[in-house]
Amino acid sequence: MEDALTLPPDAYRNENFHKAETKNLFGHAWVCVGYTCQVHEPGQVFTTQVAGQPIIITKDHQGILRGFFNVCRHRASILVEGPGKYNRFRCPYHSWTYDLSGALTACPLFDNHSPSFDKKDYSLLPVRLETWGCFIFANLDQNAMPLSDYLGDIVEHYKNFPLHELVLVRRKNYQIKANWKLVAENFLEYYHLPWVHPELCEVTAIDMHKRNQGSGMYMSFYAHPLLKSGSALDSDFFPPMPHLNTIEQNAGYFPFVFPNLATFLLPHHLFVLLMTPKSVNLTSEYGDLLVHPSLLNEPNSEQKINEIFSFYDMVNDQDIGAVERVQDGLKVESYPGGRMCYRFEEPVHRFQNMVIDFMTHERRSYPSDEY
Ligand code: FES
Ligand SMILES: [Fe+2]
């Protein structure tokens with residue numbers, strides 16, 4: 001790591017690299033797509049994209065979480081336009097209809113058309129989904145390792161947090177004019193904090209950050225104890241989530257699951273940055289605030305939740321300015337790539353090695369780190 005270089009600049013600006021990355025990386029990794037609370041009820045649906053492929057996420061009438069490619073099996077219309085509550089999926093083009101488990105149940109004026117046609121052969125195309133806590137992950141690769149192997153010991157690290165009970169209470173979309181890796185890498189280093197985030201440094205200062213990094217396709221670091229900043233991030237602003245130990249009740253944890261899930265896990269909330277690449281230099285990012293449902297009964301909870309969200313919105317705007325300046329800087333063709341600092345940028349190096357492994361079809365293992 002002491003000798004670590006950044007990725008070559010073309011990794012952030014070259015269209016062909018981006019195409020290869022879409023296929024080799026996003027086509028094979030466990031990509032976070034959203035939250036279990038978004039499909040709490042059977043028939044609740046949201047749509048997203050993985051590796052540029054339109055996807056439907058739902059829960060069927062048996063309570064099974066289901067993922068499908070968002071394409072009609074007749075002549076390929078997009079099937080579901082957006083989030084909502086559905087009893088069935090009816091194609092807007094010729095009205096082929098599927099139940100929530102993906103089975104084709106109706107195809108008007110077509111049923112007896114040909115003896116070779118059997119509705120069973122035209123179910124929706126499934127997408128693998130698995131969950132960790134509140135997070136839903138999709139994988140387009142039918143042969144990918146199970147999510148639990150991919151996540152490694154991160155599950156153990158965060159077992160006290162009642163992640164599976166958290167609910168989404170605020171959401172905002174950011175369109176960032178930068179490659180998705182710059183957005184991820186910016187989250188993964190704390191070197192920039194004093195210069196980009198003066199307000200955040202009153203909660204967690206640069207040299208408070210330490211790695212709690214084990215094995216698995218993730219990066220993780222934390223800051224303890226949280227400082228008293230007078231902001232909505234203070235540990236006494238709201239009661240902590242249930243079941244946390246005394247350290248967890250006064251710490252900030254920052255686990256990142258490769259490739260696109262960045263989280264700020266504080267005693268009374270979880271703020272998430274969920275990244276989706278749109279092109280080589282455009283990233284769609286959701287800033288999502290989740291809390292334990294018990295918090296919603298606290299006095300002034302709506303207003304206080306707004307205050308937490310506003311704080312992250314400010315911090316995120318600061319980060320967006322920083323990464324968009326990097327994307328612009330990368331137009332300089334004589335910039336050869338740079339160097340990184342072990343103390344504050346090791347998670348970036350770890351992330352970049354994972355990118356390299358997906359691009360080269362190699363799987364190295366990564367050592368733990370607690371520096
Ligand atoms: S494309 Fe869906 S019914 Fe024809
Ligand atoms: Fe930042």
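The model is predicted. I then checked salt bridges across the interface of domain 1 and domain 2 and got 0.

Next, the domain bounds. The domain assignment gives domain 1 as 31-143 and domain 2 as 156-360. Domain 1 puts 14 residues into the contact, and domain 2 puts in 19. I also took the distance between the C-alpha centres of the two domains, which is 31 Å.

Then the buried area. I noted about 1200 Å² between domain 1 and domain 2. Carbon and sulfur atoms give 72% of that area.

Which strands supply at least two residues each of the side of domain 1 that touches domain 2? I found strand S1 (31-35) and strand S10 (135-139). S1 gives the largest share of that side, with 5 residues. I sorted the side of domain 1 that touches domain 2 by class: 9 nonpolar, 5 polar and no charged residues.

Last, I turned to a sheet. I found an open sheet of 3 strands, in the order S6-S7-S8, with antiparallel pairing. Strand S6 (89-90) and strand S8 (104-106) are its edge strands, and each pairs on one side only. I followed S7 (residues 97-98) to S8: the two pair in the antiparallel sense over 2 bridges. Which residue in S8 is the bridge partner of Thr97? I traced it to Ala106.

Methods
Residues are numbered from 1 along each chain as its sequence is written. Chains are lettered from A and ligands numbered from 1 in the order in which they are written. This is a predicted model: local features need pLDDT of at least 70, side-chain atom pairs count only at pLDDT 80 or more; totals for chains, interfaces and linings use all residues. Side-chain values use heavy atoms; hydrogens and water are left out. Domain bounds come from an automatic or database domain assignment. Contact means heavy atoms within 4.5 Å. Buried area is the accessible area (1.4 Å probe) that two parts lose on being put together, summed over both. A salt bridge is a side-chain nitrogen of Lys or Arg within 4 Å of a carboxyl oxygen of Asp or Glu. Helices (H or I, at least four residues) and strands (E, at least two) are DSSP runs, numbered from the N terminus. Ala, Val, Leu, Ile, Met, Phe, Trp, Tyr, Cys and Pro count as nonpolar, Asp, Glu, Lys and Arg as charged, and the others, Gly among them, as polar. Two strands pair if DSSP finds at least two bridges between them.
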